[in-house]
Amino acid sequence: MIFDQVKKMIAQQLKVNEADVKPESRLVEDLKADSANIMVMIMDLEDSFGIMVEDDQIMRMKTVADVVSYIESKK
């Protein structure tokens, strides 16, 4: 399932507990991601899922669910 993969990647990248990574979790406010974290996460997602994330889409990804929805739309 895409959510499970994304959750694991975000937890590793941000060094947070996987249990804290929920669909409604906000990347910056709740999980304390900064711009560098987000760029690395995007590169990891691109590699793992074989997609390209457009720059204008990155700023629209506010929650974990936003990230999952974007990946699903590219599959």
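**Close-up views of helix packing in a predicted model**

**View 1. Helices H1 and H4 meet at an oblique angle.** The axes of H1 and H4 approach within 10 Å and cross at roughly 130°; axes are lines fitted to C-alpha atoms, for helices over the stretch in contact, with angles from 0 to 180 degrees between N-to-C directions. H1 is therefore oblique to H4, given that angles under 35 degrees count as roughly parallel, over 145 as roughly antiparallel, 65 to 115 as roughly perpendicular and the rest as oblique. Ile2, Phe3, Val6 and Ile10 of H1 make the contact with Val64, Val67, Val68, Ile71 and Glu72 of H4, where contact means heavy atoms within 4.5 Å. Helices (H or I, at least four residues) are DSSP runs, numbered from the N terminus. This is a predicted model, in which local features need pLDDT of at least 70 and side-chain atom pairs count only at pLDDT 80 or more, while totals for chains, interfaces and linings use all residues. Residues are numbered from 1 along each chain as its sequence is written, and side-chain values use heavy atoms, with hydrogens and water left out.

**View 2. Helix H1 and its buried residues.** The end C-alpha atoms of H1 are 18 Å apart, which agrees with the 18 Å that its 13 residues should span at 1.5 Å a residue; the expected span is 1.5 Å times one less than the number of residues. Ile2, Phe3, Val6, Lys7, Met9, Ile10, Ala11, Gln13 and Leu14 are buried in H1 (buried is under 20% relative accessible area, exposed over 50%, partly exposed in between, with a 1.4 Å probe and protein chains only). These buried residues of H1 pack against H2 and H4.

**View 3. The contact between H1 and H2.** The axes of these two helices, H1 and H2, come within 10 Å and cross at roughly 145°. On H1, the contact is made by Ile2, Gln5, Val6, Met9, Ile10, Gln13 and Leu14, and on H2 by Asn37, Val40, Met41, Asp44, Leu45, Ser48 and Phe49.

**View 4. Helix H2 from its start to its end.** H2 comprises residues 35-49, and its 15 residues reach 21 Å from first C-alpha to last, close to the 21 Å expected. At the start of H2, a side-chain oxygen of Asp34 lies within 3.1 Å of the backbone nitrogen of Ala36. Among the buried residues of H2 are Asn37, Ile38 and Met41. The buried residues of H2 pack against helix H1 (2-14), helix H3 (55-58) and helix H4 (64-74). Just after H2, Gly50 adopts a positive phi of about 65°.

**View 5. The surroundings of Leu45.** Leu45 belongs to helix H2 and counts as buried because its relative accessibility is 2%. Leaving aside residues up to four places away in sequence, Leu45 touches Val6, Met9, Gly50, Ile51, Val67 and Ile71. The C-alpha atoms of Leu45 and Gln5 are 9.3 Å apart, although 40 residues separate the two along the chain.

View 6. Lys32 is exposed, with a relative accessible area of 62%. Ala19 lies in the loop between H1 and H2 and counts as exposed at 51% relative accessibility.

Note on methods. A polar contact is a pair of N or O atoms within 3.5 Å; within protein, one must be able to donate a hydrogen and the other to accept it, and residues adjacent in sequence count only if both atoms are side-chain atoms.
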